[in-house]
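Please look through the sequence and the model before reading the points below. They are meant as a colleague's note, taken one topic at a time.

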Amino acid sequence: MNYQYMETPIGQMRLVSNGSHITAIEWPGHHGDSTCQQAQTDPALAQCKQQLQEYFRGERREFDLPLAPGGTDFQNAVWGALARIPFGELRSYRDIAEALGKPTAMRAVGAANGRNPIPIVVPCHRVIGSDGSLTGFAGGLEAKRTLLELEGALSGHQALI
């Protein structure tokens, strides 16, 4: 496993790769596996860093990266649904559960959302509570608000915090 740090408007992120696929993007203060090696040359990390820089500059709305998040079948289904939320749009946990054909699985969707190892690229920040609240977020609610403001998702939306 390889990693590379990246400065972003929401703090220093750690990008992690298995050499060919992105396996994690870690929030500041949440850097995981210490057996990773800092990589000087890793094409997946370089591509991820470039696309994230474009996103933060407002030049990119979709990511095209090789991903290997791991996870259970259900988690992968949830993460796939998250990846289909368009830039600048919001969905509730209920919306995701219904899209998966499991309308009563809102808590399970929330748990899978919280375990998303590749935030921003797999946009778990676009999921809010049914009441419009900016619910718990591994990167912190301020980071979530920053990402949603960058995407213009809060324009005309009275998100509760």
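**Notes on the strands, the cores and the cysteines**

1. E1 and E2 pair in the antiparallel sense over seven bridges, where strands are DSSP runs marked E of at least two residues, helices are runs marked H or I of at least four, and both are numbered from the N terminus. Two strands are said to pair if DSSP finds at least two bridges between them. A hairpin connects E1 to E2 through two residues, and Glu7 has Gln12, in E2, as its bridge partner.

2. The model is predicted, and local features therefore need pLDDT of at least 70, while side-chain atom pairs count only at pLDDT 80 or more and totals for chains, interfaces and linings use all residues. Residues are numbered from 1 along each chain as its sequence is written, and side-chain values use heavy atoms, with hydrogens and water left out.

3. Strand E1 (residues 2-8) is largely enclosed by the rest of the structure, because five of its seven residues are buried. Buried here means under 20% relative accessible area, exposed means over 50%, and partly exposed lies in between, using a 1.4 Å probe and protein chains only.

4. Which residues have the most contacts inside the largest nonpolar core? They are Ile25, Leu52, Leu82 and Ile120, in a core of 35 residues. A nonpolar core is a set of buried Ala, Val, Leu, Ile, Met, Phe, Trp, Tyr and Cys residues joined through side-chain atoms within 4.5 Å. Among the elements that each supply at least two residues of this core are strand E2 (11-17), strand E3 (22-26) and helix H1 (43-56), and H1 gives the most, with six residues. This core also draws at least three residues from each of domain 1 (2-57) and domain 2 (73-151), the domain bounds coming from an automatic or database domain assignment.

5. Leaving out residues up to four places away in sequence, Leu52 touches Met6, Leu15, Ile25, Phe63, Ile120 and Val121, where contact means heavy atoms within 4.5 Å.

6. Ser92 lies in strand E5 (residues 91-92) and counts as buried because its relative accessibility is 8%.

7. Cys48 counts as buried because its relative accessibility is 0%, and Cys124 counts as buried at 5%. A disulfide is a pair of cysteine sulfur atoms within 2.5 Å, and by this rule the count is zero.
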